[in-house]
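I opened this entry to record what I looked up in the model, one topic at a time.

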Amino acid sequence: MSKSELTRLTLKSAVDGLKSKQFSSAELTDAFISAIETANPALNAYVATTFDLARDRAKASDARLAKGEGGRLEGAPLGIKDLYCTKGVRTTACSGILENFVPTYESTVTQNLWDDGAVMLGKLNMDEFAMGSSNETSKWGAVVNPYIAKTHGNEDLSSLVDSIRVANKLHGRGEFDKRGFEESKAGFLTPGGSSGGSAAAVAADLCLAATASDTGGSIRQPAAFTGTVGIKPTYGRCSRYGMVAFASSLDQAGPITKTVEDSALMLQSMCSHDVKDSTSLNVPVPDFSAYLGKSVKGLRVGIPDEYRLDGIPAEIDALWEQGIAWLKDAGAEIVRISLPHTKYALPCYYIIAPAEASSNLARYDGMRYGHRTQQGQSLTDIYELSRSEGFGKEVKRRIMIGTYVLSAGFYDAYYVKALKVRRRIAEDFTNAWNSCDVVLTPATPSAAFALGDTQKAADPVAMYLNDVFTVTTNLAGLPGMAVPAGLDQSGLPLGLQVIGKPLDEGSVLMVGHVLEQAAGFTAKPEKWW
Amino acid sequence: MAIDVATVKKVASLSRLREGDERLQALAGELNGILGWIEQLNEVDVEGVQPMTTAVELPTPLRDDVVTDGGKVADIVANAPKSVDGFFIVPKVVE
């Protein structure tokens, strides 16, 4: 098999090919290393590569495979979001405050993957502390979506590609020329965020699959923007131990993959009960792959009225109708449902998530780890300057919102109120489960938008609206998955979202698989990098 | 309630962040925009609703009160900006 044939494999077919010795993990790993070396200067998906480690692990995997041994993911090269602590490998959450942080321990989710034989290629770019919807808040620069809009005049693409390579290189070195960078990004799109590196790497065949994380839509929105599959399981399914914390009651790990089958495979390894995370669920992990290919005959699929929003592109509504038709054809029963508090989910989230973030990020004080300022004399000086130098603009904004809503006099009016509204939102779903088994919605209110979108940059609320369809499941703790279902007029991917009952990832995967089969989504970005 | 620059300055100080005057001015506008948008939560009737603090209601898990980990001084100070002999070196706080 050629290198490009190897990198195009799905995780499942690669694992099968390794087991049947059609190719070795060393060959597969080398193919990905070449692909990353070519693509990364343009796409900026990886913020650190661990190629020596990858070659060593691949060799060890080949030795196990030769003896007929090996785990579920033996020899499979993966990318890891820079949010997961990896022992001995720099982990920054793409923040300046963790610029030189090298964990002395491994996150439970990544340890589970290594225990199953997976190989790490490197750490993937993301919005700083997972706060963002476009990957533009990363300390290491934006990720570029492998997809390019067809309507954009591509006449000058080669010079654009050169300039983005230069801009990414400068940015990576900290020589950041903002204006030059903005200009060079003209014509390129965001892969979404916060797991933008994970989504771009999977879409561009720079890893077989990737870990990601989702606090308000950070797995599902980038998956939808890049024609990939992303699932956020039930809150508590995956351990949060060793994941850099953003909003602890909402953060949940999950994979971004090429297919629904691959998501089932990744999830199987990532989920576990862990005594190191007190919110980790002590429940059996079912065989997720067993749900694939099962019939949805008689399954009740809820279609929420409140997800029909004004100003949503007609193509997205049409895709939703198409999804409904596919499931109806497959024998599912379509049920109209109401989730009356949907419109309050985003404002509710933008109290709870910043409040938890302001508390979580108080740990970055420049004393025990992370950036410490070179200026200042007093203790307060050093706290304030270390934090102000280390954190980016969006992170500081959210810390301040969080501090404000938790401060004396506003705590009840904002924070406690939001916690009560959160229960109303969760109850909406509990009521809906009386009449349906899963919910089908669009994944995002638009296709991928331009990097450097000035309207979204100027108005934080406009950027926050990206998560309008995804954030409800974080508040309610439910599993949700984005599945690519079609392309818009500009040739950009659009996704549908399937939401399930607590702990019922099985039905989500089952319905996602039916949609995937019906859509026959085979689009790949044209290789311009 | 509109946030003025003085309030932003106070919130920045509570957050242990130091921002220049120009940025404080801009932040007042941004925070007002976000908080204005959040005001719509007042439309929701939450009479008698218990605050929801966690997605999954579970009793706090307990374990036996025994030592299960430790002896990792070198690991703990490995990322310290300054350390000597297994101690963190911090600025002088007592005159």
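What share of the 529 residues in chain A is buried? I was working from a predicted model, and in it buried residues make up 61% of chain A.

Overall form of chain A. I counted the secondary structure and got 19 helices and eleven strands.

Nonpolar core. I looked next at the largest nonpolar core, which has 173 residues. Which of its residues touch the most other members? They are L78(A), A201(A), C207(A), C348(A) and I351(A). By element, helix α12 of chain A, residues 345-360, gives the largest share of this core, with ten residues. I kept in mind that nonpolar side chains tend to be buried together in soluble globular proteins.

C207(A). I listed the contacts of C207(A), leaving aside neighbours within four places in sequence. The list holds F32(A), P77(A), L78(A), G79(A), L121(A), A201(A) and V202(A). Two of the names there, L78(A) and A201(A), I had already noted among the core residues that touch the most other members.

Helix α2 of chain A. I asked which residues of this helix, residues 11-19, are buried. I found L11(A), K12(A), A14(A), V15(A) and L18(A). Viewed down the axis of α2(A), these fall within an arc of 165°, so they line one face of the helix. An α-helix has 3.6 residues a turn, so residues three or four places apart point the same way. I then checked what the buried residues of α2(A) pack against: α3 (25-43), α4 (51-66), β6 (252-257) and α10 (260-270), each in chain A. Just after α2(A), I noted a positive phi of about 60° at K21(A).

Contact between the chains. How many residues of chain B are in contact with chain A? I got 39, and they meet 51 residues of chain A. On the chain B side, α1 (5-14) and α2 (21-38) each supply at least two residues. The most comes from α2(B), with seven residues. By class, I sorted this side of chain B into 25 nonpolar, eight polar and six charged residues.

Technical notes: Residues are numbered from 1 along each chain as its sequence is written. Chains are lettered from A and ligands numbered from 1 in the order in which they are written. This is a predicted model: local features need pLDDT of at least 70, side-chain atom pairs count only at pLDDT 80 or more; totals for chains, interfaces and linings use all residues. Two residues are in contact if their C-beta atoms, placed from the backbone, lie within 7 Å. Helices (H or I, at least four residues) and strands (E, at least two) are DSSP runs, numbered from the N terminus. Ala, Val, Leu, Ile, Met, Phe, Trp, Tyr, Cys and Pro count as nonpolar, Asp, Glu, Lys and Arg as charged, and the others, Gly among them, as polar. A residue is buried if 20 or more other C-beta atoms lie within 10 Å of its own, exposed if 12 or fewer, and partly exposed in between; C-beta atoms are placed from the backbone. The arc is that of the directions from the helix axis to the C-beta atoms. A nonpolar core is a set of buried Ala, Val, Leu, Ile, Met, Phe, Trp, Tyr and Cys residues joined through C-beta atoms within 7 Å.
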